[in-house]
Amino acid sequence: MTGYIDPEDDGLMVADQAELVNASFSRVFLRKGELVNRFYDHFFSEQPEVESLFQDDFGAQKEMFFAMLAMVVKRLAQQRDFETLVGKLHRDHASFDISEEQWQSAADSLVFALRDVLQGDLSPEEGAAWSAMTNKLILAIVALRDKKKVAHVVRRG
Ligand code: HEM
């Protein structure tokens, strides 16, 4: 782990942070191509074994990644919609058996890419809010993944 995510952050977001993420999103959107490239470069350098999992059109994958990010940002304040997206992300990735460390590394890479691409265009408060948002998302996916694993074991009994 390289530590772009604040380890003290427990994944809870306050309303102000959701607002900060939303308010900075138009600036993020303008740089989306660079952001997504930087994200995957950083993620693959941290987790080299992950790269070979990506088999389909990588250009389309980058578009889907950003579209998902945009949806998450928009739904941050609506708990039920947010959970629906967490469920979708979990299902879309269930076949890859992704470890908690890999999920965390993706979160870390996203915050790294945001700070690196936006630099002075992202205030420290906005950077911290993105970090909290990303952490919240990843913790929710990992919690759901663990819950499904337990349910599976119990069913198999
Ligand atoms: C910030 C967290 C992440 C987001 C927002 C995200 C988003 C997405 C989205 C939207 C898709 C496309 C799903 C579809 O086909 O409809 C996808 C596919 C995929 N993701 Fe993720 N992802 C994240 C983290 C990860 C992690 C941690 C891994 C692996 C360790 C991973 C591996 C993959 C792979 C292998 C595919 C399928 C690619 C292919 O079909 O070639 N993702 N992801």
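In which hand does α2 pass α5? The crossing of α2 with α5 is right-handed. Before looking further at that pair, please keep in mind that this is a predicted model.

**The chain as a whole**

Let's start with the overall picture. The chain holds six helices and zero strands, and reading along the sequence gives the pattern α-α-α-α-α-α. Its C-alpha trace spans about 55 × 35 × 25 Å along the principal axes. The radius of gyration is 15 Å, which agrees with the value near 15 Å for a compact globule because the chain has 157 residues. Of those 157 residues, 28% are buried. If you look at contacts in the chain with a separation of 6 or more, 84% of them come from residues 24 or more positions apart.

**How α2 packs on α5**

Two packed helices are described by the angle between their axes and the distance between the axes. Here, helix α2 covers residues 32-46 and helix α5 covers residues 100-118. They pack at an angle of about 135 degrees, and their axes are 8 Å apart. An angle over 145 degrees would count as roughly antiparallel and one of 65 to 115 as roughly perpendicular; α2 and α5 are therefore oblique to each other.

Which residues bring the two helices together? On the α2 side they are E34, L35, R38, F39, H42, F43 and E46. These meet S105, A106, S109, L110, F112, A113, L114, D116 and V117 in α5. By class, the contact of α2 with α5 has nine nonpolar, three polar and four charged residues.

**Two loop residues with positive phi**

D97 lies in the loop between α4 (79-93) and α5, while Q119 is found in the loop between α5 and α6 (124-156). Neither is a glycine, yet each has a positive phi.

| Residue | Phi | C-beta neighbours inside 10 Å |
|---|---|---|
| D97 | near 50 degrees | 9 |
| Q119 | about 45 degrees | 8 |

Are these residues buried or exposed? A residue with 12 or fewer such neighbours is exposed. D97 counts as exposed because it has 9 C-beta neighbours inside 10 Å. With 8 inside 10 Å, Q119 therefore counts as exposed too.

Methods:
Residues are numbered from 1 along each chain as its sequence is written. This is a predicted model: local features need pLDDT of at least 70, side-chain atom pairs count only at pLDDT 80 or more; totals for chains, interfaces and linings use all residues. Axes are lines fitted to C-alpha atoms, for helices over the stretch in contact, and angles run from 0 to 180 degrees between N-to-C directions. Helices (H or I, at least four residues) and strands (E, at least two) are DSSP runs, numbered from the N terminus. Angles under 35 degrees count as roughly parallel, over 145 as roughly antiparallel, 65 to 115 as roughly perpendicular and the rest as oblique. A crossing is left-handed if the near helix is turned anticlockwise from the far one by less than a right angle, and right-handed if clockwise. Two residues are in contact if their C-beta atoms, placed from the backbone, lie within 7 Å. Ala, Val, Leu, Ile, Met, Phe, Trp, Tyr, Cys and Pro count as nonpolar, Asp, Glu, Lys and Arg as charged, and the others, Gly among them, as polar. A residue is buried if 20 or more other C-beta atoms lie within 10 Å of its own, exposed if 12 or fewer, and partly exposed in between; C-beta atoms are placed from the backbone. The radius of gyration is taken over C-alpha atoms; the globule rule is 2.2 Å times the number of residues to the power 0.38.
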